[in-house]
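Here is a short briefing to read alongside the model. Have the sequence and the 3D view open, and let's walk through a few features together.

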Amino acid sequence: MQMSIACVISFLLGPFKAQQFSLNPSLFVLGVSAGLVYSFMLGCLGKALERGPSGLTFSILSGATVFPAIVMTAYFGAAFGYTYTIWHAVGSAIVLAGLFWAGRGLQGMTQIKSWLFFAFTMFALHIALLVIFQWRALLLNFPRPEEISSYFTVEKIRSEWFMTLMYGTAMVMQVYLFLKNEKRSLGRSEIVNGMAGGAANCLGTFFLIWATEVATSLENAIIYPVFSVLVILLSNLWSQKVYRESVNWRACQICALGLFIATVDWKGALAAVGWLR
């Protein structure tokens, strides 16, 4: 239900709003690929939440945001605007240290091995999904994207169908798994919660992307770090207040600090406030 609502909203905000109803094969493959990665990531997230602490699980999920920069720098390098600085290295190390510290108190957990498997598979899939997003963003902002990938021209990569295809693929995967494993009708609470979750998911993604388009240089430098840090803090607060889980707040603060250090565009931020010319 959640992915169905997200698919409908993304269609209304994307292709329908732009009156763009043609679909090119290249973007179809890209959107479906992102949807498959997203679907498997959500599956692993659900399994991890069933087996371990929700706050730490979401902290691991957010921790993945520091690593796509490494992948993009290694593959494309400074020629395409991707550089790996000392801030990335220090921040990534701090994030890993915080996650390791938070995980030290889980030795007595009965399903720790299966939780670790699903949590870190989810972590790897989130990195893969973010790399797809960044690669698409590179093509969108490059004057001649066909020089990077022969499958895309400016018109093809600017198609509004990407998010709709991603959510639509995830929806098909979830419907298939539900019919295969459950074979029952949806309950009222599942429908209501799914609709609310789908709307929040899609609108949150839409406004996050829209924010990067209208933000100033300084605001652009801190949007994603602030988002990731808030996810860590709020998810752990939720798990403590609602599920009565024991939260290692110092470890969470270490993870949040590492994310902020690693993902802020410090050069752009300092230039925006006039401290760097």
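Helix 2 crosses helix 6 in a left-handed sense. Please keep in mind that this is a predicted model.

**Helix 2 against helix 6**
- Helix 2 spans residues 25–51 and helix 6 spans residues 112–141; they pack at an angle of about 155°, with their axes 8 Å apart.
- Angles over 145 degrees count as roughly antiparallel, and helix 2 and helix 6 are therefore roughly antiparallel to each other.
- Sorted by class, the residues in the contact of helix 2 with helix 6 are 18 nonpolar, three polar and three charged.

**A loop residue to look at**
- Most residues other than glycine have a negative phi.
- Gln19 is not a glycine, yet its phi is positive, at about 55°.
- You will find Gln19 in the loop between helix 1 (2–18) and helix 2.
- Gln19 has a relative accessibility of 52%, so it counts as exposed.

**Helix 3, largely enclosed**
- Helix 3 covers residues 54–63, and nine of its ten residues are buried, so the rest of the structure largely encloses it.
- Among the buried residues of helix 3 are Leu56, Ile60 and Leu61, along with Ser54, Thr57 and Gly63.

**Cysteines**
- How many disulfides does the model have? The count comes to zero, taking a disulfide as a pair of cysteine sulfur atoms within 2.5 Å.
- Cys7 has a relative accessible area of 14%, so it is buried.
- Cys44 counts as buried too, at 10% relative accessibility.

Methods: Residues numbered from 1 in each chain as written. Predicted model: local features only at pLDDT ≥ 70, side-chain atom pairs only at ≥ 80, totals over all residues. Heavy atoms only, no water. Axes fitted to C-alpha atoms, helices over the stretch in contact; angles between N-to-C directions. Helix = DSSP H or I, 4+ residues; strand = E, 2+ residues; numbered from the N terminus. Parallel < 35°, antiparallel > 145°, perpendicular 65-115°, else oblique. Left-handed = near helix turned anticlockwise from the far one by under 90°. Nonpolar A, V, L, I, M, F, W, Y, C, P; charged D, E, K, R; others polar. Buried < 20%, exposed > 50% of the residue type's maximum accessible area, 1.4 Å probe, protein only.
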